[in-house]
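Hi,

Here is the structure I promised to send over. Have a look at it first, and then read on for what I found.

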Amino acid sequence: MRKLTVVLTVGALALSVGACGKKNGSATSEKELVYTSSWGADEPQGKLIKSIADDFTEATGTEVDLKFVGRKGTDTLPTEMNAGQGPDLFDTSTDSVGAFVTQNLAAPLDDVLDMEVPGEGKKVRDVLPESVVNASTDEDHVRFMAHTVISTAVWYDASKHAGLAPKTWDEFIAYLDKAKKDGRTPLGQDGTVNFYNAYWFYSALVRSEGAGSLNALRKDPAAWDRPAVLAAAEKVEQLADGGYFQKDFMATKYPAAQDAWAQGKYDLNLNGTWLAAETNAKLAEGTEVASFQLPAGGKNSVEVGTLGWGVNAKGHNIETAKEFLAFAMQKKYAEKISAAAHNIPARPDVPAPGYLAGVQKDVAEAKSTHRTYDDMVTDKNWWNNVFLPLDDELLSGKIDAATFVKTGKKKVTDYLASKG
């Protein structure tokens, strides 16, 4: 399931506006729909998409020209779409859609919410919860239809630590201290993956303060002065100084740490909802994967990210593409997201796999939610070149919390000035 990490965080659906290459194709008839997919044909999601396309053709007579181009195959999409040669449908995610919107390539899909889900007597808005719709919406419009929910949690083996669910940061630290005292390694971290390292500060801040609290740090130097920012940084400093991670964790290369966690060598791993599926082959016998939300207090906001389908605003068959999306919202397809792809379906009336039930419940019951990385990744230059290196210094213990805040404020001041 590394694929989900890629889609979400390193931009496998990345937008290279200057790229060129083989055209992904465009429809030539109203009875044809062109769909370029970033999944592989043999992946569970690819097989599901193929079944939906086949069923849609049988039900409507519309042929679906489906191309599985893989992660890098979508790099040229913006160029092709701008030239009127792109597909009608494409795969996207919470953190990727913003770049399509910026280029006016993501068609508004608000009206899809009022379309009927075939055979169910319900509208699309009736089967998707507000948190999922919000995760797929920008300031103005719904921009894609979600089939999968992604979130972040702390993962553990319930067969060894039944019912583990610290409710406060002090309780969490107390657990780490006891694990360390008992001779265990409390936390496993693939420290060479900087966007995994960012989970700690991001979760500590945004779970406490809610949506917009991390993203504000790239927009306003004064945002770094908020007491909550220092408090979140101090939590990360506490982890760095506490010796809770494995030895030389910042040099650990993916997937060594998560595989070691799966084998029971480390107690906990803060990671995405793909972790259990991604490490399934390495899980020690008898492991019962379970999770809890990082205790941060405050709003206890829960991350809700989504994967789904976008419609090309310059496509030839926009209305037919929207019909496809309503068709794809059927419960029988959502059930395959759970049973075959081992993910959390966007439809809450379809149970997630057992090890994801806790996160599905967290999302369903959350009074406050936020999107993946609080949308900070929208500005990829800031995220990749400024914030992530600074965050690595904090988690590695090279700088303390106060220096992190002071440096962050200076960096965003300089960054904004450089942009004019």
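Before anything else, keep in mind that this is a predicted model.

I started with a helix pair. On the α8 side, Trp 200, Phe 201, Ala 204, Leu 205 and Glu 209 make the contact, and they meet Ala 228, Val 229, Ala 232, Ala 233, Lys 235, Val 236 and Leu 239 of α9. Sorted by type, the residues of this contact come out as 10 nonpolar and 2 charged, with no polar ones.

As for the geometry, two packed helices are described by the angle between their axes and the distance between the axes. Here, α8 covers residues 194-209 and α9 covers residues 227-242; their axes come within 9 Å and cross at roughly 140°. The α8/α9 crossing is right-handed.

The other thing to look at is a sheet. Four strands, in the order β8-β9-β7-β10, form an open sheet with mixed pairing. Which strands stand at the edges? They are β8 (185-187) and β10 (289-292), and each has a single partner strand, so one side of each is left without a neighbour in the sheet. Going from one strand to the next, the twist averages 30°.

Leu 187 has Leu 268 in β9 as its bridge partner.

Cheers

Key. Residues are numbered from 1 along each chain as its sequence is written. This is a predicted model: local features need pLDDT of at least 70, side-chain atom pairs count only at pLDDT 80 or more; totals for chains, interfaces and linings use all residues. Side-chain values use heavy atoms; hydrogens and water are left out. Axes are lines fitted to C-alpha atoms, for helices over the stretch in contact, and angles run from 0 to 180 degrees between N-to-C directions. Helices (H or I, at least four residues) and strands (E, at least two) are DSSP runs, numbered from the N terminus. A crossing is left-handed if the near helix is turned anticlockwise from the far one by less than a right angle, and right-handed if clockwise. Contact means heavy atoms within 4.5 Å. Ala, Val, Leu, Ile, Met, Phe, Trp, Tyr, Cys and Pro count as nonpolar, Asp, Glu, Lys and Arg as charged, and the others, Gly among them, as polar. Two strands pair if DSSP finds at least two bridges between them.
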